[in-house]
Amino acid sequence: MEELIGMQKPVRRILDPDEAIAALERAVPGLVELRRRERAVFDWHTVEERIGTALPSDFKALAEWYPAFELGDFLGLSSPLPGTESARATAWARELEGEGPELRPAELASTVLMLWGDSKEGDDFFWSVLGDDPDRWPVTISSHNSAWWHYEAGMVQFLAELCDGTLDPWALPPVQPELTGWGVAGGGWHTTV
């Protein structure tokens, strides 16, 4: 049975995307080596128009500075490559129309969930689309063992605090703060494990 086990709140919520990315760069050694020399250009306007809502600014900034990557041979981010935003927008549009996970706690039955990451063990990481300000959407975690929980801050801060040990992982295994894979030019994937 799916169960909502609670919400964690950070000591201080980071709303500035650059500050959140800096916290993630401190938490994950070697991440900064993947940083693009220049911000990638995405057509966020078209994506947001298609899905009917803005996206969190920390996610957009992370996607502009970094390719998709995997942490600790466990958690992978679902960020698009420049020019592939349309495919990701199609998936998000389906989720916003209610095609999210069927199994969820009763408390989340009417909550729209947008997937931004997943794990190799079957855990999923979402934004709970609550309100008009996507920078205030909480992160919602669905662990493979049916425990669900919220983190009341942005996804980049969540990743930073999960990797630096500030956040209690609750129903997740500890995440090693190391890069174990990342996207490369042309759509390939580089792994270190």
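Predicted model: local features only at pLDDT ≥ 70, side-chain atom pairs only at ≥ 80, totals over all residues.

**Helix packing and core**

Me: Which residues in H3 and H5 meet?
Reply: Asp 58, Phe 59 and Leu 62 in H3 meet Met 155, Val 156 and Gln 157 in H5. Contact means heavy atoms within 4.5 Å. Helices are DSSP runs (H or I, at least four residues), numbered from the N terminus.

Me: How do the residues of that contact divide by class?
Reply: They divide into four nonpolar, one polar and one charged. Ala, Val, Leu, Ile, Met, Phe, Trp, Tyr, Cys and Pro count as nonpolar, Asp, Glu, Lys and Arg as charged, and the others, Gly among them, as polar.

Me: At what angle do the axes of H3 and H5 cross?
Reply: The axes of H3 (residues 57–65) and H5 (residues 155–164) cross at roughly 70 degrees and come within 7 Å. Axes are lines fitted to C-alpha atoms, for helices over the stretch in contact, with angles from 0 to 180 degrees between N-to-C directions. H3 and H5 are therefore roughly perpendicular, a term that covers 65 to 115 degrees.

Me: Is H5 enclosed or exposed?
Reply: Nine of the ten residues of H5 are buried, so H5 is largely enclosed by the rest of the structure. Buried means under 20% relative accessible area (1.4 Å probe, protein chains only). Among the buried residues are Met 155, Phe 158 and Glu 161.

Me: Which residues have the most contacts inside the largest nonpolar core?
Reply: Phe 69, Trp 116, Met 155 and Phe 158 have the most contacts inside this core, which has 52 residues. H5 gives the most to this core, with seven residues. Such a core is a set of buried Ala, Val, Leu, Ile, Met, Phe, Trp, Tyr and Cys residues joined through side-chain atoms within 4.5 Å.

Me: What does Phe 158 touch?
Reply: Leaving aside residues up to four places away in sequence, Phe 158 touches Trp 116, Phe 125, Val 139, Ile 141, Trp 149, Tyr 151 and Leu 167.

Me: What comes just after H5?
Reply: Gly 165 takes a positive phi of about 85 degrees there.

Note on methods:
Residues numbered from 1 in each chain as written. Heavy atoms only, no water. Helix = DSSP H or I, 4+ residues; strand = E, 2+ residues; numbered from the N terminus. Parallel < 35°, antiparallel > 145°, perpendicular 65-115°, else oblique. Buried < 20%, exposed > 50% of the residue type's maximum accessible area, 1.4 Å probe, protein only.
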